[in-house]
Amino acid sequence: RMSAWQKLPFESSDLPITVKLTSVRVRAWQGIPDITVDKVEQVEILDKTPWDGDIDLENHIVDVELSELVNSASRVGISTSGTVVSVREDSGVIMRCIKCRRVTRDGECSSPECMGKVETQQDIRLRLVIDNGEVTASVLINKSAALDLMNTSEDKMVSDIESEGKMEYVQSIRDYLLGRELIVSGRCIVDDQGAMILAEGADLGASDAVLLATEVRAEWGID
């Protein structure tokens, strides 16, 4: 993200363009750089990119080993993988407060600004833990990626939960994912609580799922 205190030498209709920034202020929040331009002289428009032209700027993703990801700062535009070792009970269909987007419980929001009964909106997510044998990371998979991963639709998921029950449906997710290699992409937030990957994409790897499931269940004492 970039903000400027003076009018920049281009219009939104000119985008995308490549610029060189000099002596600007740079901060970061949850791995997202925030650049502040104080003077227009700090911005130079380049005729061509200084990197390989094959890079897709809108969808550029860097592969990072899970161990490196967990032991470094927050990042955006990453892809990593690990074995699914846990599926949280609050995976599946959830309800969010329309005002603050927090997950509600029994129609009530815990946010100080929205205490009590609130108007809600249905959403879908998967909350997992992945492990590579050295480190673990929490994974929060958004609605689109979760539906693609489970090869289902929102209406079908809602219908299945209504017919099977919430916990039975979560168990079916566990049966499908536990012990399998998961490749996720998005951004990673690292703080004193550990690493949380906010996944916008999720796919199963090509590893032997049966063998992995057996090893993980034995290690974690899962029947």
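Ser74 sits in the loop that runs between helix H1 (66–70) and strand S7 (75–87), where helices (H or I, at least four residues) and strands (E, at least two) are DSSP runs numbered from the N terminus. The model is a predicted one, in which local features need pLDDT of at least 70 and side-chain atom pairs count only at pLDDT 80 or more, while totals for chains, interfaces and linings use all residues. Residues are numbered from 1 along each chain as its sequence is written, and side-chain values use heavy atoms, with hydrogens and water left out.

Although Ser74 and Met196 are 122 residues apart along the chain, their C-alpha atoms are separated by 9.2 Å. The side chain of Ser74 also reaches the backbone nitrogen of Val190, at 2.9 Å.

## The chain as a whole

The protein chain contains five helices and 14 strands. Of its 223 residues, 35% count as buried, a term that stands for under 20% relative accessible area, with exposed meaning over 50% and partly exposed in between (1.4 Å probe, protein chains only). Among the contacts in the chain with a separation of 6 or more, 61% come from residues 24 or more positions apart, a contact being heavy atoms within 4.5 Å.

## The largest nonpolar core and helix H2

The largest nonpolar core has 36 residues, and those with the most contacts inside it are Leu126, Ile141, Leu182 and Ile197. Helix H2 (residues 143–150) gives the most to this core, with five residues. Such a core is a set of buried Ala, Val, Leu, Ile, Met, Phe, Trp, Tyr and Cys residues joined through side-chain atoms within 4.5 Å. Just after H2, Asn151 takes a positive phi of about 55°.

## The second largest pocket

The second largest pocket holds about 330 Å³ of space, and the elements that give two or more residues to its lining are strand S8 (92–97) and strand S11 (120–131). S8 gives the most to this lining, with three residues. The lining consists of Asp90, Val93, Ile94, Met95, Val103, Thr104, Arg105, Asp106, Gly107, Thr120 and Arg125, which divide into four nonpolar, three polar and four charged residues.

A pocket is found on a 1 Å grid over the protein atoms alone, as an open set of points where a 1.4 Å probe fits, with protein on both sides within 12 Å along at least five of seven lines, and lining residues have an atom within 4 Å of a point.

## Two buried aspartates

Asp123 is found in strand S11, and it counts as buried because its relative accessibility is 12%. The side chain of Asp123 makes a polar contact with the side chain of Arg96 at 2.7 Å, a polar contact being a pair of N or O atoms within 3.5 Å, of which, within protein, one must be able to donate a hydrogen and the other to accept it, while residues adjacent in sequence count only if both atoms are side-chain atoms. Setting aside residues up to four places away in sequence, Asp123 touches Gly92, Val93, Ile94, Arg96, Arg101 and Lys143.

Asp34 belongs to strand S4 (residues 32–37), and it also counts as buried, because its relative accessibility is 13%. Apart from neighbours within four places in sequence, Asp34 is in contact with Arg1, Ser3, Arg25, Val26, Arg27 and Ala28.

Definitions and conventions. Grid points are joined across faces, edges and corners, and a volume is the space filled by probe spheres set on the points. Ala, Val, Leu, Ile, Met, Phe, Trp, Tyr, Cys and Pro count as nonpolar, Asp, Glu, Lys and Arg as charged, and the others, Gly among them, as polar.
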